Amino acid sequence: MSKSANPGELRTRVYFKRNQRTLDGEGFWQDEEINIFGDGVPCMCKWVNAHGYEVFQTMQLQIREPATITTRFSNSLLDQTLIVYKEDDSMPYEIISIDDVEERHNWLEIKVQRKAGAR
């Protein structure tokens, strides 16, 4: 069965951001998060949190707050180095995997987990 979403299910605003290092006026490096689709432009997607049996699997793998994002295909903009912010949520998610569903270039299924600091 193919993984897809109806256009009406793309209700969640998600922001894909890339870390970029720039020099400030005093010559110090600064980390800055830049939205890859443009300043303040969201990517509409279907957001599904893990539930049921999937929760127990993720607990074994020590994945924190997993979710699955389904969105329209974007050829070269989305990769695993990006940080994901769900609308109105200040805590970022990191991308675990990206799947071009059936390699048809219609839908992307992205697995994410809550980003955490180093241990």
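A residue is called buried here when its relative accessible area is under 20%, exposed when it is over 50% and partly exposed in between, as computed with a 1.4 Å probe on protein chains only. By that criterion Trp47 is buried, and so is Tyr93. The model is predicted, with local features requiring pLDDT of at least 70 and side-chain atom pairs counting only at pLDDT 80 or more, while totals for chains, interfaces and linings use all residues. Residues are numbered from 1 along each chain as its sequence is written, and side-chain values use heavy atoms, with hydrogens and water left out.

A pair of aromatic rings is described by the distance of the centres and the angle of the planes. Rings of Phe, Tyr and Trp (for Trp, its six-membered ring) pair if their centres lie within 6.5 Å, and planes under 30 degrees apart count as stacked, over 60 as edge-to-face and the rest as tilted. The structure holds two aromatic pairs. The ring centres of Phe16 and Phe37 are 6.3 Å apart with the planes at 70°, so this pair is edge-to-face. It links distant parts of the chain, 21 residues apart, since Phe16 belongs to strand 1 (residues 12-23) and Phe37 to the loop between strand 2 (29-35) and strand 3 (43-49); strands are DSSP runs of E with at least two residues, numbered from the N terminus. Phe16 is buried, with a relative accessible area of 0%, whereas Phe37, at 28%, counts as partly exposed. The rings of Trp47 and Tyr93, with centres 5.1 Å apart and planes at 75°, are likewise edge-to-face, and this pair joins strand 3 to strand 6 (residues 93-100) across 46 residues.

In strand 7, the bridge partner of Tyr93 is Arg114, and strand 6 pairs with strand 7 (residues 107-114) in the antiparallel sense over seven bridges. Six residues lie between the strands of this hairpin, where Glu102 takes a positive phi near 55°. Strand 6 also pairs with strand 5 (residues 83-86), in the antiparallel sense over two bridges, and Ile83 stands opposite Glu94 in strand 6. Strands 5 and 6 form a hairpin with six residues between them, and Asp88 in the turn has a positive phi of about 60°.

In strand 4 (residues 67-72) lies Thr70, which counts as buried at 9% relative accessibility. Leaving aside residues up to four places away in sequence, Thr70 touches several residues (heavy atoms within 4.5 Å), among them Cys45, Lys46, Trp107 and Leu108.

Definitions and conventions
Helices (H or I, at least four residues) and strands (E, at least two) are DSSP runs, numbered from the N terminus. Two strands pair if DSSP finds at least two bridges between them.
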